[in-house]
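Me: I have a model open and would like to go through some of the words used to describe it. Could you take me through them one by one?

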Amino acid sequence: MKRIGIMTTGGDCSGLNTVTERVVTGAMRRGWTVIGIMDGTDGLCTTPPRTIEFTPDTLPIECARLAGSYLHNGHAGALNYETAAESGRLDEFNKKIRQSLRALKLDALILVGGNGSLSLAWENRDIYSDVALVCIPKTIDMDVPLTDNTIGFDTAVEQIVSFCDQLILTARSHHRYFVVQTMGRDCGNLALNAGVAFGADAILIPEIKFDIDELVYHIQEQHRDYGIILVAEGVKIRGHSGRPADIISRKLTVAGVINRTAYPEHIQRAGDTVASDRILATSMANTALNAIDNNETFVMTAYQDGQCRTVALSEFFAAGELAADPKISGMRTSNAYVSPDNPLLDVAYNMGIYIGCES
Ligand code: F6P
């Protein structure tokens, strides 16, 4: 009989309720108790910690498809890594989490988080030394090293594609283009996958340089006078600040390409969880529970070559490109990007999608 905790941290995405519901279902079949920690680490920073004990009815099956997280993902103003670091209270914060985990008497903790949360967990691993820590990667950005997919990504791609499906109808009526800016932080995976799925005219991602004249030429050479240009939010344009879609839109206007911008924004993190994300969430929940059964700790579930397994958090951290945490000084995050040999780049290129300069 084990007593395990689960929390969802960082930005939300679709699939968090599926993975929570599957963890609860799988754990209860084993006769375990599941404690839900509310608002991620925020919930561990109050006295007593804010938790719920799951019963079979807490998160019913019909809610497993819904976006958002039943457990919440945290308050911006609460004591958390960011606010603690800003106010010089990091030691107090770390101590509080460790105390709360002890008080909850958990055998294991499942942390469902993105690369930021997973990196923080590894960099501050002492906090979790009293429990077995098993992480499950979720993010619409798909920027977590060592896994071929993350919970929430497929649904976000679906959301962007349906957004473009709607826009293209009005684009056609007015003979114009839409410059659509996707999320993804510094990683182009979301824009690349959505752009290929939709059949965008151009996909601009941070990993590949592009040239505005080439883009204009490409658009003007199209057999249509309407379409979609997808721009990842991480794209930087030398000499300009502001949203990349706005900058590109202005440049296209100057070149005579009639266009508008459109921002799907947080709708990318919503939407009923698509089946492939639910399968991934179920497989990852199963792998996490097996890992707890096998007394593994400091591991992450990873989807590799069509299978779910665990990898050491140390490997996840070592495998990525390390960068200073954008919000917490002294911390580093481990990041994955679109690699130059990503087969979708070739697919896009061969389909006549402009994806940037060839060299
Ligand atoms: O990491 C997930 C993500 O949705 C990014 O794609 C985006 O840049 C960011 O979070 C938005 O965060 P917020 O909801 O705080 O604006």
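**Terms and the values behind them**

Reply: Gladly! Ile355 is buried, with a relative accessible area of 11%; buried means under 20%, exposed over 50% and partly exposed in between, using a 1.4 Å probe and protein chains only. Please keep in mind that this is a predicted model, in which local features need pLDDT of at least 70, side-chain atom pairs count only at pLDDT 80 or more, and totals for chains, interfaces and linings use all residues. Residues are numbered from 1 along each chain as its sequence is written, and side-chain values use heavy atoms, with hydrogens and water left out.

Me: Where is Ile355 found, and what does Ile355 touch?

Reply: Ile355 is found in the segment after α11 (343–350); helices are DSSP runs of H or I with at least four residues, strands are runs of E with at least two, and both are numbered from the N terminus. Not counting residues up to four places away in sequence, Ile355 touches Ile203, Ile208, Leu345, Ala348 and Tyr349, where contact means heavy atoms within 4.5 Å. Ile355 and Ala202 are 5.8 Å apart from C-alpha to C-alpha, yet 153 residues apart in sequence.

Me: What makes the rings of Trp122 and Phe298 an edge-to-face pair?

Reply: Their centres are 6.2 Å apart and their planes are at 80 degrees, so the pair is edge-to-face. Rings of Phe, Tyr and Trp (its six-membered ring) pair if their centres lie within 6.5 Å, and planes under 30 degrees apart count as stacked, over 60 as edge-to-face and the rest as tilted. This pair links distant parts of the chain, with Trp122 in helix α4 (residues 115–123) and Phe298 in the loop between α9 (275–293) and β10 (299–304), 176 residues apart. Both Trp122 and Phe298 are buried.

Me: Why are α7 and α8 called oblique to each other?

Reply: The axes of helix α7 (residues 212–220) and helix α8 (residues 244–254) come within 11 Å and cross at roughly 60 degrees. Angles under 35 degrees count as roughly parallel, over 145 as roughly antiparallel, 65 to 115 as roughly perpendicular and the rest as oblique, and α7 and α8 are therefore oblique.

Me: Which residues meet where α7 and α8 come together?

Reply: From α7, Ile212, Leu215 and Val216 meet Ile248, Lys251 and Leu252 of α8. These residues divide into five nonpolar, no polar and one charged, with Ala, Val, Leu, Ile, Met, Phe, Trp, Tyr, Cys and Pro counting as nonpolar, Asp, Glu, Lys and Arg as charged, and the others, Gly among them, as polar.

Key: Axes fitted to C-alpha atoms, helices over the stretch in contact; angles between N-to-C directions.
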